[in-house]
Amino acid sequence: HEAKLAELMDNIDAWGLNIFDVHNYSQSHSLTSVMYTIFKKRNLIETFRISPQKLINYLVTLESHYLDVPYHCSIHAADVTQAIHVLLLIPSFENTFTDLEILAALFAAAIHDVDHPGVTNQYLINSDNELALMYNDTSVLENHSLAVAFKLLQNEDCDFIENLSDEQRKILRQISIDMVLATDMSKHGAIMQTIQSFHQSLKAKQCKDSNSNSSTNDSLVLTEQKERVQLLREMLHCADLSNPTKHLSIYTQWVDRIMDEFHYQGDRERSAGMPISPMCNRRTADIEMAQIGFIQAIVEPLWQMWAQLVYPHCQQMLDNIDSNRQWYEYQI
Ligand SMILES: CC(=O)CCCOc1nc(Oc2ccc3c(c2)CO[B-]3(O)O)c(Cl)cc1C#N
Ligand SMILES: [Mg+2]
Ligand SMILES: [Zn+2]
């Protein structure tokens, strides 16, 4: 198994990495395997003087706090973490982010759904769940995952960021909170509102830079940390909504899992006499229509904006979205 896992980890930079294979050959430690491999490859263990043992302790503990739900389990976290790692490798970002920002982005991806119970924010609110009470109905799951993840860091033998300065820890915490809160779908509209004008301003700066001295490649240089964090926020949201950008055989496994999760929630709503949430009624489910709708309304517009910014580097994602949507259209 180790040999097969090592072979899979050789593809850590590939968009097509099969995260389900990683999970199977790592004895269900895909998140730990992916995060550790990326940290080694990006030299983050040396840069931030991380204790390998404490990093492993944290990752294994974090992984064990993902619940055994169909979609929002540790495989999803591993998938999103590997996706943001690949997005950060796009040449446009060669000189864009600091090591600390990269550390924060990978950390945010790894923790962003920890202890997710497999139901939506709306369900927790409608069922007067403790978590909705705790977080006043506001980004309930996203706040909860952040709190759980940072609580685990307080454990002495899991504190892999012990050698970061106070300032660095503050920045890491600030960026992670910002990015994870932005994965709340209720923020999707706001992200789409600002993304167009934000990217236009970046492209304007980019071509000015490349005109001034041709030595700089087409990499985006953002002077403000605020702008870099805005880009990382979008990047995690893209990674979180990247299932339709993968090969059909991977994408359909994620669809099966999310529909299991939604239908199980619908079963609980039905037996509690609650209104059944959209896409959650297994008796009237039209899975194909739901995916076509989700791609057209949410996933494709977001990835088109992103692909425009980093053109030509994300054409494969757009092509997969298109062929996957067409496949579902043929299924009807
Ligand atoms: C096959 C897929 O692409 C599955 C992606 C998840 O399927 C959906 N997710 C939706 O919203 C969220 C998107 C991201 C997340 C969450 C909800 C909660 O945690 B998370 O951060 O993973 C909506 Cl509105 C529709 C679908 C559909 N289908
Ligand atoms: Mg989430
Ligand atoms: Zn997620």
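**Close-up views of a predicted model**

**View 1. F48 sits in the loop between α4 (44–47) and α5 (52–64).** Helices (H or I, at least four residues) and strands (E, at least two) are DSSP runs, numbered from the N terminus. This is a predicted model, in which local features need pLDDT of at least 70, side-chain atom pairs count only at pLDDT 80 or more, and totals for chains, interfaces and linings use all residues. Residues are numbered from 1 along each chain as its sequence is written, chains are lettered from A and ligands numbered from 1 in the order in which they are written, and side-chain values use heavy atoms, with hydrogens and water left out. F48 is buried, with a relative accessible area of 6%; buried means under 20% relative accessible area, exposed over 50%, and partly exposed in between (1.4 Å probe, protein chains only). Not counting residues up to four places away in sequence, F48 touches D99, L100, L103, N163, L164 and Q168, where contact means heavy atoms within 4.5 Å. F48 and Q168 are 120 residues apart in sequence, and their C-alpha atoms are 9.9 Å apart in space.

**View 2. The largest nonpolar core has 101 residues.** A nonpolar core is a set of buried Ala, Val, Leu, Ile, Met, Phe, Trp, Tyr and Cys residues joined through side-chain atoms within 4.5 Å. F39, Y58, L62, L87, F93, W303 and W306 touch the most other members. Helix α7 (residues 99–111) gives the most to this core, with 11 residues. A second, separate core of 9 residues includes L124, L131, A132 and Y135.

**View 3. W303 and its contacts.** Leaving aside neighbours within four places in sequence, W303 is in contact with residues including W15, L87, C238, A239 and L241. C314, M317, L318 and I321 are also among the contacts of W303.

**View 4. Helix α6 (residues 74–88) packs with helix α13 (residues 225–240).** The angle is about 130 degrees, and the axes are 8 Å apart. Axes are lines fitted to C-alpha atoms, for helices over the stretch in contact, and angles run from 0 to 180 degrees between N-to-C directions. H76, V80, A83, I84, L87 and L88 in α6 meet L232, M235, L236, C238, A239 and D240 in α13.

**View 5. Helix α10 (residues 140–153) crosses helix α11 (residues 166–181) at roughly 150 degrees.** The axes of α10 and α11 come within 9 Å. E142, N143, L146 and F150 of α10 make the contact with R173, S176, I177, V180 and L181 of α11.
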